[in-house]
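Subject: Structure for your review

Dear colleague,

Please find below the structure that I am handing over to you. I would be grateful if you read my notes with the sequence and the structure open beside them.

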Amino acid sequence: MSRKAQRTLLSLLAQSGILAGALVISVPALYMVSASLMNSQDFFAAQVKLLPSSLYLQNYIEVFSVFNFGNYLKNSFIVTGAVVLLNLIFTPMVGYSLAKFDFPGKTVLLLFVLATIMIPFTAILIPLFLIIRSFGWVNTYPGLVIPFAMSAFGVFLMRQFILAVPDDYIDAGRIDGASELRIYFQIVVPLIQPALITLAIVVFVASWDEFLWMLIVTTGDALRTLPVGLAKFVEQYRTRYELMMAGSVVAAAPVVLLFLAVQRRFLQGMAGLSGLK
Amino acid sequence: MADTSASSRRRNQTKPDRPSIFGRSLAARKMRFGLLFAAPAFVFFGVFYVYPLFRTFYVSLFSWSLLDEPRFIGITNYVNLSNDKEFINSVGVSFYYAIGVCVAIWVIALALALMFNQTFRFRQAYLSVYYLPAVISLTVWSLVWLFMYNPSFGLFSEFARWLGFANVRMLDNPQTAMPAMILLSIWKGTPVYMLIYLAGLRAIPGDYYEAAKVDGASALQRLWHITLPLLRPVFLYVVVISIIGAFQAFTPMYLLTNGGPGSATRVLSMFIFQNGFQFLKMGYASAASVIFLLILLVFSVVQFRILRFQQQD
């Protein structure tokens, strides 16, 4: 075989390998969507079915009408929206102070931020719950939102981005007599806009997926977000897989849509989340 | 900053001088606004993250069910933990899970990153597909895999039947429940680490490879002598955060097996959750949290050093 033919064969092999990998990886997602469209006959057929016999939308109607998924969806949007907004307001400010200012307690704050990144959330679960309880925030929106109002990683990310903003821009503002607040809002914020979008995506996904804390802090059905609502549904109806899968599609859809809309930035953001440049 | 007051210079000869925060100088103004911008973070991280860390130690010295008054019992909780078979078991189960998940992830994620560091057709589209498991939440994936593991109509069981294994009951068998959990977690966890590796690979200057090519190094030699050594800091980071992450895993165990069958999948975070929020043993669960922290301390210190190192450059 000639060298060229060998190379073509190898490349063909590699390409089919990559394709096969992609198919295997997407099986659970495809199966989730497929099963969410199955009726009970498809489910209890003698042979496991890969595709529904017809597009059966009743499962989706049922999770919204008989079960409370509309409410869970609403709560997820409220909680995630509030968390993203609070992060967008506060973390760039804090990142700015750590990147460009010198003030008493700066080292302490940096230690606080790094400690928060490092502390395993599970380890502070109980005292955090006790604090939220003493504020009277159990089973309230503040209880669901406030512990995530500032992401330590977000602060770290913002600080890294703002370090790259040239001091000259900021000093030019000062020479022109702009107030510090005006410098922040009119010079710094516009310059870090791409970073803010990354921050919003990263925080959105983390907040949308948060499970353990929401499980602990919601005591009734009214404030449950989608992950907790799904979990409680499974506890009660362990065999209603078709509804479980319809609910799962509902829970997955917003993040998947966001991912499809901003793939490149999404991937950059997730790589940035690692804290490495 | 040039602005310094004479009094502070007299007080402290060696340290650089810090102007008074109330002055009219630029440095003083910067100090005030720095503090203003930072103030919410002091309160927030202090109240919700740093204070609870100390509170965990404190609560661990009490017997407290939330409904009664906390009663100081010294180190009794720790003594009881050391005699609690369930606790010892959960530490072992956590290590089993973490090692099973992490070692596989380190290798698979690196292999995938090396693959995506090449140029090939539809690379970007493939990257998105390979990243898909990381996009959707662990809660959703746990339910999908719960379904796939179902003995009679799950896809995984069907696949096992096709391979010739009759009556596969992954989640009902103490021997296979944890491997089932590990498989799901590897599948869900790998893409994120793949991205981290990929970012690391991208940061290696192309010149190095060019120079090696000129010297006649083979692809394998380039991988071994350039890529892997230069990737070492990234690898260290991946090792540390994947272990910290794996030790905190909770959702799959909660949804698929609730720690069972028996205690086969009762990881440490599950033990803490159940003792704290189901049995309302706040002190006991806090003591377990302290042990949990100590186990992860080594890894956290390494992570801290990496982040500190980064923030210096």
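The notes that follow describe what was found in this structure, which is a predicted model.

**How the two chains meet**

I begin with the contact between the chains. On one side are 71 residues of chain A, and on the other are 77 residues of chain B. The element of chain A that gives the most to this contact is helix α1 (residues 3-36), with ten residues. On the side of chain A that touches chain B, 58 residues are nonpolar, ten are polar and three are charged.

**Two packed helices in chain A**

A packed pair of helices is described by the angle between the two axes and the distance between them. In chain A, helix α3 (residues 58-65) packs against helix α14 (residues 241-261) at an angle of about 75 degrees, and their axes are 9 Å apart. Angles of 65 to 115 degrees count as roughly perpendicular, so α3(A) is roughly perpendicular to α14(A). From α3(A), the contact is made by A:Asn59, A:Tyr60, A:Glu62 and A:Val63. From α14(A), the residues are A:Glu242, A:Leu243, A:Ala246, A:Gly247 and A:Val250. The residues of this contact divide into five nonpolar, two polar and two charged.

Is A:Val84 buried or exposed? A residue is buried if 20 or more other C-beta atoms lie within 10 Å of its own. A:Val84 has 20 other C-beta atoms within 10 Å, and it is therefore buried. For A:Gly81 the count within 10 Å is 13 other C-beta atoms, so A:Gly81 is partly exposed.

A:Val84 and A:Leu199 are 115 residues apart along the chain, and their C-alpha atoms are separated by 8.4 Å. Leaving out residues up to four places away in sequence, A:Val84 touches A:Ala200, A:Val203, A:Phe204 and A:Ser207. A:Gly81 and A:Tyr241 are 160 residues apart along the chain, with 30 Å between their C-alpha atoms.

**Helix α6 in chain A**

Which residues are buried in helix α6 (residues 125-134) of chain A? They are A:Leu125, A:Ile126, A:Pro127, A:Leu128, A:Phe129 and A:Ile132. After α6(A) comes A:Gly136, which has a positive phi, near 75 degrees.

**The domains of chain B**

Turning to chain B, the domain assignment gives domain 1 (18-72) and domain 2 (79-312). The centres of these two domains, taken over C-alpha atoms, are separated by 33 Å. Ten residues from domain 1 of chain B and eight residues from domain 2 of chain B form the contact. On the domain 1 side, the elements that give two or more residues are α2 (26-59) and β1 (62-63) of chain B. The largest share of that side, three residues, comes from α2(B). The residues of the domain 1 side divide into six nonpolar, four polar and no charged.

**The largest nonpolar core**

The largest nonpolar core holds 168 residues, and B:Tyr97, B:Tyr197 and B:Ala288 touch the most other members. Helix α8 (residues 174-202) of chain B gives the most to this core, with 13 residues. As for B:Ala288, its contacts beyond four places in sequence are B:Leu81, B:Phe87, B:Leu268, B:Phe271, B:Ile272 and B:Asn275.

**Two loop residues with positive phi**

Finally, I draw your attention to two residues in loops of chain B. B:Leu66 is found in the loop between β1 and β2 (71-72) of chain B. Its phi is near 75 degrees, a positive value in a residue other than glycine. B:Leu66 counts as partly exposed because it has 14 C-beta neighbours inside 10 Å. B:Phe122 lies in the loop between α4 (85-116) and α5 (123-135) of chain B. B:Phe122 is not a glycine, yet its phi is positive, at about 60 degrees. With 13 C-beta neighbours inside 10 Å, B:Phe122 counts as partly exposed.

Yours sincerely,

A colleague

Technical notes: Residues numbered from 1 in each chain as written. Chains lettered and ligands numbered in written order. Predicted model: local features only at pLDDT ≥ 70, side-chain atom pairs only at ≥ 80, totals over all residues. Contact = placed C-beta atoms within 7 Å. Helix = DSSP H or I, 4+ residues; strand = E, 2+ residues; numbered from the N terminus. Nonpolar A, V, L, I, M, F, W, Y, C, P; charged D, E, K, R; others polar. Axes fitted to C-alpha atoms, helices over the stretch in contact; angles between N-to-C directions. Parallel < 35°, antiparallel > 145°, perpendicular 65-115°, else oblique. Buried ≥ 20, exposed ≤ 12 C-beta atoms within 10 Å, placed from the backbone. Core = buried A, V, L, I, M, F, W, Y, C linked by C-beta atoms within 7 Å. Domains from an automatic or database assignment.
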